[in-house]
Amino acid sequence: QVHLVESGGGLVQAGGSLRLSCAASGNIFSINSMGWYRQAPGKQRELVATITSGGSTSYADSVKGRFTISRDNAKNTEYLQMNSLKPEDTAVYYCNAQTTGWGGERGDHWGQGTQVTVSS
């Protein structure tokens, strides 16, 4: 079993910054792709950013140049640095990790979500 625990959400004014963290634990031999998604009220969950085990990153157009995804493989942790936040970034942010367990099991796991609210 794999658990993802997120932290770092909160309330911030427009133009401000927040840093989200997501720590993975449990039956983990390796973590392949990691990512952040978000879901605003009344909207579908959308991809924000992803990072491969080798460090290659991709971003939604709406956050390019403002958000940075990173990971610490030794700590099984990923981060999302969010700068120049806008009210439209308000959402529940979810981390995702695609893992391989010690027995070769492949899994796709989600965190519990953390609220990010940006006031205008």
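Guide: The loop between β8 and β9 (91-100) holds S84. In this predicted model, the phi angle of S84 is near 50 degrees, which is a positive value in a residue other than glycine. S84 has a relative accessibility of 40% and counts as partly exposed, because that class covers the range between under 20%, which is buried, and over 50%, which is exposed.

A second residue with such a backbone angle is N76, where phi is likewise near 50 degrees, again positive and again not in a glycine. N76 is placed in the loop between β7 and β8. With a relative accessible area of 23%, N76 is also partly exposed.

The strands that this loop connects may be taken next. Strand β8 comprises residues 77-82, and β7 pairs with β8 in the antiparallel sense over six bridges. Within this pairing, S70 is found opposite Y79 of β8. In general, the strands of a sheet pair through backbone hydrogen bonds, in either a parallel or an antiparallel manner.

Both strands belong to an open sheet of four strands, whose order is β1-β3-β8-β7 and whose pairing is antiparallel. The edges of the sheet are formed by β1 (2-7) and β7 (67-72); each has a single partner strand, and therefore one side of each is left without a neighbour in the sheet. On average, and with direction ignored, neighbouring strands of this sheet are turned by 15 degrees against each other.

Methods: Residues numbered from 1 in each chain as written. Predicted model: local features only at pLDDT ≥ 70, side-chain atom pairs only at ≥ 80, totals over all residues. Heavy atoms only, no water. Pairing = 2+ DSSP bridges. Helix = DSSP H or I, 4+ residues; strand = E, 2+ residues; numbered from the N terminus. Axes fitted to C-alpha atoms, helices over the stretch in contact; angles between N-to-C directions. Buried < 20%, exposed > 50% of the residue type's maximum accessible area, 1.4 Å probe, protein only.
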